[in-house]
Amino acid sequence: MTIKISKDKIKNFYLLLPFYKCFLFKLFSFQTDSLDEQVNIIINALNIKSRKLRITYIYDKACKIIDNNNYGKNICGFKNCKCYVQRKYKKQQIYGCCRKCVYVTDNGCPSSNLACKLFNCSEVYNRCKVTTYKDLKILKALSLRGRFIVKSDYFSLREDVLKDLYSYSILYSTFRIVYRLFKNLILKK
């Protein structure tokens, strides 16, 4: 069976999205005539019936949207491993906001962490237009627990974040997030 989402019913689609994600719609496929890229990405996500594959698709697409919007821009103003703020106030620290992360390198971040990609200091917001959490409508295809994890799982590898998203327990995921934060703080000292 197919559910067709017309472009004039997009607001209703977002309201019904929590229902479309439930197991009752596993037998349905979704189609749309909308030209909105984010709606098409959500429709593609809904058509992926495997929970793990859907979560991975949503996560990777959100990262790709941010990377495409920031491509060729040095939004933090890095020069010699120092961001704009560190140079402005002549601080000895390097790597900007990422200085607390154990994965950061001189060539940037090897991790594809959505929470880190969405975090920017006030100076970045004042200097340029950046993608925010509200701009990523694809994240509405995640559960409320999944959106909480995506917002709060800083300084983690992509695989760890996806493992947190795959788990069914918010308590387990929260414990893993807090554990990694403490571990990173201890390793950085």
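Q: What share of the contacts in the protein chain with a separation of 6 or more comes from residues 24 or more positions apart?
A: The share is 62%, where contact means heavy atoms within 4.5 Å. The model is predicted: local features need pLDDT of at least 70 and side-chain atom pairs pLDDT 80 or more, while totals for chains, interfaces and linings use all residues. Residues are numbered from 1 along each chain as its sequence is written, and side-chain values use heavy atoms, without hydrogens and water.

Q: Why is the pair of Phe 13 and Tyr 14 called tilted?
A: Rings of Phe, Tyr and Trp (its six-membered ring) pair if their centres lie within 6.5 Å; planes under 30 degrees apart count as stacked, over 60 as edge-to-face and the rest as tilted. The centres of Phe 13 and Tyr 14 are 5.7 Å apart and the planes stand at 55 degrees, so the pair is tilted.

Q: What makes the pair of Phe 119 and Tyr 154 edge-to-face?
A: The angle between the planes of Phe 119 and Tyr 154 is 85 degrees, with 6.1 Å from centre to centre. The edge-to-face class begins over 60 degrees.

Q: Why is this pair said to tie together parts of the chain?
A: Phe 119 lies in the loop between helix H5 (114–118) and helix H6 (122–127), and Tyr 154 in the loop between helix H7 (144–152) and helix H8 (158–166), so the pair ties together parts 35 residues apart in sequence. Helices are DSSP runs (H or I, at least four residues), numbered from the N terminus.

Q: Which class do Phe 119 and Tyr 154 fall into?
A: Phe 119 has a relative accessible area of 41% and is therefore partly exposed. Tyr 154, with 27%, is also partly exposed.

Q: How do you know that the charged end of Arg 127 sits over the ring of Tyr 84?
A: The test asks for NZ of Lys or CZ of Arg within 6 Å of the ring centre and within 35 degrees of the ring normal. Arg 127 sits 4.5 Å from the ring centre of Tyr 84. Arg 51 lies over the face of Tyr 168, at 4.1 Å from the ring centre.

How values were computed
Helix = DSSP H or I, 4+ residues; strand = E, 2+ residues; numbered from the N terminus. Buried < 20%, exposed > 50% of the residue type's maximum accessible area, 1.4 Å probe, protein only.
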